[in-house]
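Q: Could you take me through this model, sheets to begin with and then the contact between the chains?

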Amino acid sequence: MPDLLLELFSEEIPARMQAKAADDLRRMVTDKLVAEGLVYEGAKAFATPRRLALTVHGIPARQSDLKEERKGPRVGGPDAAIQGFLKATGLASLDEAKIQRDPKKGDFYIALIEKPGRATLDALADMLPVIVRTFPWPKSMRWGERSAKPGALQWVRPLHTIIATFGIETEEPDVVKFDVAGIEAGQTTYGHRFMAPAPISVRRFEDYEAKLKAAKVVLDPQARKDIILADAKQLAFAQGFELVEDQVLLDEVAGLVEWPVVLMGSFDEAFLSIPGEVIRATIRNNQKCFVVSDPKTGKLTNKFILTANIEASDGGKAIVAGNERVIRARLSDAKFFYQTDLKTKLEDRLPKFDGIVFHEKLGTQGERIKRIERLAAEIAPLVGADVEKTKRAAHLAKADLLTEVVGEFPELQGLMGKYYALAQGEDASVAAASEEHYKPQGPADRVPSDPVSVAVALADKIDTLVGFWAIDEKPTGSKDPYALRRAALGVIRILISNDLRIPLAEAFGHAIAGFVSQDNAHVRKGVESWALPAESVRGALSSSFDAWTAGGVRVFVSDRLKVQLRDQGARHDLVDAVFALEGQDDLLMVVRRVEALGKFLDTDDGKNLLAGTKRAANILRIEEKKDGKAFDGAPDAALYSLDEEKTLAKAIDQVKAEAGAAVAKEDFAAAMSAMAKLRPAVDAFFDKVKVNDDNAAVRENRLKLLNEIRAATRAVADFSKIQD
Amino acid sequence: MRPERSFQGLILTLQRYWADYGCVILQPYDMEVGAGTFHPATTLRALGPKRWNAAYVQPSRRPKDGRYGENPNRLQHYYQFQVILKPSPPDIQDLYLKSLAAIGVDSHLHDIRFVEDDWESPTLGAWGLGWECWCDGMEVSQFTYFQQVAGVECAPVAGELTYGLERLAMYVQGVDRVYDLNFNGRDGNDRVSYGDVFLQAEQEYSRHNFEHSDADMLFKQFSMAEEACRKYLEAGWKDGKREAHLMALPAYDQCIKASHVFNLLDARGVISVTERQSYIMRVRELAKACGEAWVHTEAGGAGSSPSP
């Protein structure tokens, strides 16, 4: 079957847009083919800085014929309806229509439309220009003479030529005939801008890719990345060094060249006195070059690796020299920034934060820093951190935001704070908190473990959650502008991976109190809307459990916990079963319960007990509805008539006591083992006992016994919330 | 005058190259501007349907970038070489690369790259798409396809090339400090360096811009320029009808003036963050009104049918 080759050759496409554009092109063309009834065998798209290319193979040469019956108006219907029918179906007159007999509703016309399948070549000629015109570039532009008129073609940068060929391997392919904005599709493209600028005529994908390669263009972005990575590693290795790998940079660099040529340059060793991260940020962000480390020391060396787009006539000497000069100038700037920063103590920068708005409704950065300091001090004893060190750490943690280096390279926030704190002689834990308190930033990021960092990190995240929650800036759908999901997940991960127990409700109460003490009317109003007077928060923190639940933060956090557990492959549906119990605000305990519960439910005992409990709950629901009352009193032992009833009652008492004791000791595995003892009694009860006894008193007593099963299992979880 | 020997040789070579292409070679605009784009030969001529190819050197003032002559490549006054081609010709990238070749940048020896750079001027109400042009990792030019200027859609689109002359000269002369550039191409006693010409000016203007400029006067000048711009715009409508405009250029001069005065106030540190935004908005409003007036003038294409 024939294949399609499509190439859109333009001026330089921004590197960051190339991958998505290739994907969009493949998706748009193949979707349209399928919509036209043309099922293809395979498709692959490519991008270089100057071209998008697509190959679709195994497309049928023609669409299959279509036969369609279309129902028309009734015989003798109004003329307008008949004319409309003829027009819509393309029939010349009613003679061409069939009449369908219908004794009930009356006879009506039927048009038999036979639509012969079109040649794919023609279908392509219709669809491709539309795809080009409607291509979803993030930003597109007009250019040249044609931009004088409305409706001019928009493309990411000026589009120069289009290749569109269609045909089978053994024959000369057809050119798909169409033009877009005066660009006629053909078979011509161009090679490398400088090394092979002459026109190239191509037939189909195979010779296209090969001819481009001969013309110094590596079409496949992955191939370019492989070349860059392998050559860069080799260059570093040859000198006894190691490339510092950087996937994001690699992706970008591969989008800046059609013919990667990897070269190594160096800079003055004196610059190595600047922190390695600053050197890397300078070289990476501004110059798109890789840095190199010395495997013996693990530190950066004075080398860098650049990717040129050309095999230069001098072997790259001038290119290396030019890049070295630019990097020297950039590093001079960075060194100057770093040394300037060291002249000012971190605490001396703090007054400036009073003039910087953090959020219109949440006050200044200065106020935020004070709240975090206060909250971190409350949390410190709970996580085993020194209170004074924690306060100091929180005091300084954000100060580097106003340094020159962070101004230049925002991604170094926190890290620079650590360097500057160490330089001014701060305690190591205090300094580390500057960097660590932002963590974890994403699922792959490290979780802080030093108690001081943990306290500041928790305070930072909880202040964020509570504040934005109170002013009703909650995440919606895909929008989470203040990264509250990340903050909640951060809290969860810090607590779980450090085995920390924090009554979160209380911590949230402290956070609210922080805002209230600053007379923040917005937060106060928000909190009061949760039917919780802010005064009471200040006074009695015990009532803050209301804030945790009523405000909906708990649901938000538990949802994040579910996501987290799901990502770890754990049973996330059990989270609800545990949170349904009273007073659950200690995430570590919630997770422990969930783990124990999950293990228990994997055993036969667990499965059967769950089934039994659910059966009990179902019967209760039906009977409670029937009688219009709950059966929640204690059963009367005198009314037991069967052994199975007595055994069950005894088992329930025993399990309640044992499980209760185990839960009190937070030994959830033991609590589950106790639960297991309930199972034979429950099974036997359902086997032998008829709940709806003819004697009303016996019936009610048995229902109460069922209710006791439900109550007993609540020692560990609300079994009704567990999915089967 | 070899371009790699002297600063002026570089300028003359670029002028000759673009003159040979058919550009009108203009002289710098006789007002203080922040960039070559502000020259009415770019801002205003980019609007309207008429063809327009021009090139010129424009001294550009960035009061905030002054470093008292102590930084090797930051200046509060520097030169841009500006080319504007309307409509943008299909081979504009090749034309640009050939101009680099003319000043001695061999594209088989050097690594020349077009790296994404979307241009936007909030003060001019303008934006375009294009690139920074890199030579061996150094940005030597900006390349923009104007999409909108002074709030008006460009139809047709103009291509703008801006060469940072000092940087380019430092590159071709192999100099690391701008003040060490050879200005006149002579040696020995006859040699004049960039520092000889401009170092003292950088020191003096840095003092002025950061420490001594008369803020009260500048605030007044801003208001006066703003008022005058509006007055001229109002008076320029022929017969009081908003059909033809007769004074777009003088009005635009006042917009340029306001913009530069704002830059001076900004450098002086007397404009707060919130006020800053509102000043930028005020200049943009002037620029937009000037653009609107311009397209109602003859050179702006009023009354003529759009070119095919």
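A: In chain A, strand S4 and strand S6 (residues 108-115) run antiparallel and are joined by seven bridges. Helices (H or I, at least four residues) and strands (E, at least two) are DSSP runs, numbered from the N terminus. Two strands pair if DSSP finds at least two bridges between them.

Q: Before going on, what are the ground rules for the model and its numbering?
A: This is a predicted model, in which local features need pLDDT of at least 70 and side-chain atom pairs count only at pLDDT 80 or more, while totals for chains, interfaces and linings use all residues. Residues are numbered from 1 along each chain as its sequence is written, chains are lettered from A and ligands numbered from 1 in the order in which they are written, and side-chain values use heavy atoms, with hydrogens and water left out.

Q: Back to S6(A): which residue there is the bridge partner of Glu68(A)?
A: The partner of Glu68(A) is Ile113(A).

Q: And what is the strand order of the three-strand open sheet in chain A?
A: The order is S4-S6-S5, with antiparallel pairing. Strand S4 (66-74) and strand S5 (98-100) of chain A are the edge strands, each pairing on one side only. On average, neighbouring strands of this sheet are turned by 35° against each other, direction ignored.

Q: What about the four-strand open sheet?
A: That sheet of chain A has the order S13-S15-S16-S14 and antiparallel pairing. Its edge strands are S13 (242-243) and S14 (261-266) of chain A. Strands S15 (residues 290-293) and S16 (residues 300-308) of chain A are paired over three bridges, and Ser293(A) has Leu300(A) as its bridge partner in S16(A).

Q: Which helices go with it?
A: Helix H7 (residues 276-287) of chain A lies across S15 and S16 of chain A, at about 15° to S16(A). Helix H8 (residues 317-342) of chain A packs on the sheet and touches S14 and S16 of chain A, its direction making about 125° with that of S16(A).

Q: Now the interface: how much area is buried between chain B and chain A?
A: About 3,400 Å² is buried, with 49% given by carbon and sulfur atoms. Buried area is the accessible area (1.4 Å probe) that two parts lose on being put together, summed over both. The contact takes 43 residues from chain B and 43 residues from chain A.

Q: How many salt bridges are counted between chain B and chain A?
A: The count is seven, a salt bridge being a side-chain nitrogen of Lys or Arg within 4 Å of a carboxyl oxygen of Asp or Glu. One of them links the side chains of Asp176(B) and Arg325(A) at 3.1 Å, N to O.

Conventions
Contact = heavy atoms within 4.5 Å. Axes fitted to C-alpha atoms, helices over the stretch in contact; angles between N-to-C directions.
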